[in-house]
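Open the model in your viewer and keep the selection panel at hand.

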Amino acid sequence: MAQRNLKRARVGVSGEGEGAGPAVAAHLRRHLRLPNYETVALMLQGGGALGAYQAGVFQGLYEAGIEPNWVAGISIGALNTAIIAGNPPEQRVERLLQFWETICQPAFGPPLPAPVEHALFNSSEAVRKAFTAAQAMSAIVEGQKGFFVPRFPPPLPTMSGPPQLASYYDTTPLKATLESLCDFDRINSGEIRVSVGAVNCGTGNFAYFDNTHTTLRPEHFMASGALPPGFAAVEIDGQFYWDGGLMSNTPLYEVLQSTPRRDTLAFQVDLWSAVGPVPDNITDVQGRMKDIQYSSRTRLVTDMLQRSQRFRHVLREVLDRVPVEQRDDPWCKLAEDLSCSKRYNVVHLIYRHKEYEGHYKDFQFGLSTMREHWRSGLEDIRHSLEQPDWLDMPDNDAGFVTHDIHRDSR
């Protein structure tokens, strides 16, 4: 059943037809054996329509037999998290595909016939740019199926009302989509640890909704993706929450700083690249601003965590050389509390901007673009998993390593 479902998903995202089946089967047979990591985490950044890249990454992990036991996400990453955690392993790729094929259709009008859509997308660069820009405009004008629709009448700038109506779009369809594609009893069963981030509108504080201490509902995932002023704040237990990307667009710090510390293999999947070309026109300026704003300085955070873990790791090594009879010294006891011998391996995957994409790439929900994003994620994770020793437990003095195929291949 798993192979049949995955074959269907592979055909759906690649456009390669039935010929894609054998390649998938080959990957399914190549299950990887991991060291004894206590946590295998999948961390998903926010980025709207770019989130199909994360679905491709997840497909590659599934092919390799890697099953995360902690999935954390923000914004669109939170919605992908709900689909993954809310389904049994053999159905997750299929459900992700169903989700993305749904929300990449117009909210009201019929989608273009597949051959027409495919032909326009694969035409010249000029035609592709015009076509994808038109799809982004369609999202603004009529919304996306199973995701959001414009409010009618639209809100007036100075007219007050309930916070959950203060937005240009209504995300009620998203709740129905999540309820149809996710088993929330499974999400809350503890089979996988689930964390999604949001910002409290009233206090400005960041909040993580985690199934280890909260019974998660569709509203928690919707709150994580409620980016204003497009989407309204979501009420949870009398408090109102917005998209976590307003404050931090990646759950990296939350996962790697959690206690008690555990040997961890983490797949960090980002949708915005901090590194990029200097823009030379106003349109590209807008896109580059988003890249910088929402990349959340992932590598800076990773470098900081690596340094702090090195201090803990070195402190642990030094303590092991202190005679047992001196361990009762107060300074040794404090050092014991601060030290750590756990090891962290972070495999970083970053979506790379395509030449044809404009500043609207995060709300350009075209089916062909979605398949291109998905394919990019699948190729990147396959390439990453093919690298020798990348999944090994770190053995350096920091007990912390990072890998990134785009950085390491330069």
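**Stop 1: helix α4**

Select residues 76-85, which form helix α4; 10 of its 10 residues are buried, so the helix is largely enclosed by the rest of the structure. Buried means under 20% relative accessible area, exposed over 50%, and partly exposed in between (1.4 Å probe, protein chains only). Helices (H or I, at least four residues) and strands (E, at least two) are DSSP runs, numbered from the N terminus.

This is a predicted model: local features need pLDDT of at least 70, side-chain atom pairs count only at pLDDT 80 or more, and totals for chains, interfaces and linings use all residues. Residues are numbered from 1 along each chain as its sequence is written, and side-chain values use heavy atoms, with hydrogens and water left out.

**Stop 2: the whole protein**

Along the principal axes, the C-alpha atoms fill a box of roughly 75 × 55 × 50 Å.

Colour by burial next: buried residues make up 53% of the 410. Of the contacts (heavy atoms within 4.5 Å) with a separation of 6 or more, 75% are accounted for by residues 24 or more positions apart.

**Stop 3: G366**

Which loop holds G366? Go to the one between β10 (344-350) and α15 (367-385). At 2% relative accessibility, G366 counts as buried. Show its neighbours: leaving out residues up to four places away in sequence, G366 touches C104, E117 and Q135. Then draw a C-alpha to C-alpha distance from G366 to A133; the two are 9.9 Å apart in space and 233 residues apart in sequence.

**Stop 4**

Colour by pLDDT, the predictor's confidence in each residue, from 0 to 100. The protein averages 89, and 92% of the residues score at least 70. Select residues 1-12, where pLDDT stays under 50 and the model has 32 contacts beyond four places in sequence. Finish with residues 14-27: pLDDT stays under 50 there too, and the model has 16 such contacts beyond four places in sequence.
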